[in-house]
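This report describes selected features of one protein chain. Please view the sequence and the structure together while reading.

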Amino acid sequence: FVQSSGDCWVKFLENGARPEDRDGVDSVALSCLDGVSNGFSGAKDGCGEKCLDKGIDYWGADIKNVNPIYTIEECTALCYMEEGCISLTHRPSTQDCWLKNRPNGQSGKSFLDTVNSINLNCFILAHVEADCVKENFDFRGADIRMISNVVALEDCAALCADEAGCVSVTHQDASSRCWLKNKRFGAEPQDMDGVRSRNLICGDIWCEHAGSFLYTYAN
């Protein structure tokens, strides 16, 4: 936010693509604000807290609506069990649970203070086993698109989590380029100096990171 001009930039990465010092500009990550993303007593490891989009609607791309669903934990569990479900939106006041087949709905995130939403891919991002990241290895081909000015592999994976059909990434540190892929390991995986690659889903991650989030529902 620039106070002198009143300009406000809304970001889709928590710390932007290239965080840096700049006079006259103030920035904040919503995850640092009390009450925005720390609403679940069951999220013991913090993963569930970070994955909650409070006051955010994932409009469209509905598989179905389920009612009554009293908690977002229960809605999340239903999404996990529903084939093709990737994300969800829950309205506490009406106990509506919408299960979605795209990461952030049909048209992306929008503000709506009566609902909360979760992208299941978010639970994956915190889990990176030692052999998940392939150093000096290219998942060549099967590109959805290339995105410039992406500083870290972690940010590249976060973009993949929000991209419909994305299952893997390749990132080049030197150029800050990120390639989103629609095929695990790309089309022609091969050695290449200076790049790192990873599949979005790697290892047995659900119980470790989402389990604590669903604790209040299961118990």
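## Aromatic pairs

In this predicted model, the count of aromatic pairs comes to two. One of them joins F137 and F139 in an edge-to-face arrangement, with 6.1 Å from centre to centre and 85 degrees between the planes.

F137, F139 and F185 form one aromatic cluster. F137 has a relative accessible area of 21% and is therefore partly exposed, since buried means under 20%. F139, at 1% relative accessibility, counts as buried.

Strand β4 covers residues 96-100, and five of its five residues are buried, so the strand is largely enclosed by the rest of the structure. In a regular strand the side chains alternate between the two faces of the sheet. In β4 both faces are covered: D96, W98 and K100 lie on one side, C97 and L99 on the other, and all are buried.

Strand β2 (residues 62-66) pairs with β4 in the antiparallel sense over four bridges. Within this pairing, K64 has L99 as its bridge partner. Strand β3 (residues 87-91) also pairs with β4 in the antiparallel sense, over five bridges, and R91 stands opposite D96. The hairpin of β3 and β4 has four residues between the strands, and Q95 takes a positive phi near 60 degrees there.

## Helix α2

Helix α2 spans residues 72-81 and is mostly covered, with seven of its 10 residues buried. These buried residues are I72, E73, E74, C75, T76, A77 and C79.

How values were computed
Residues numbered from 1 in each chain as written. Predicted model: local features only at pLDDT ≥ 70, side-chain atom pairs only at ≥ 80, totals over all residues. Heavy atoms only, no water. Buried < 20%, exposed > 50% of the residue type's maximum accessible area, 1.4 Å probe, protein only. Helix = DSSP H or I, 4+ residues; strand = E, 2+ residues; numbered from the N terminus. Pairing = 2+ DSSP bridges. Phe/Tyr/Trp six-rings, centres within 6.5 Å; stacked < 30°, edge-to-face > 60°.
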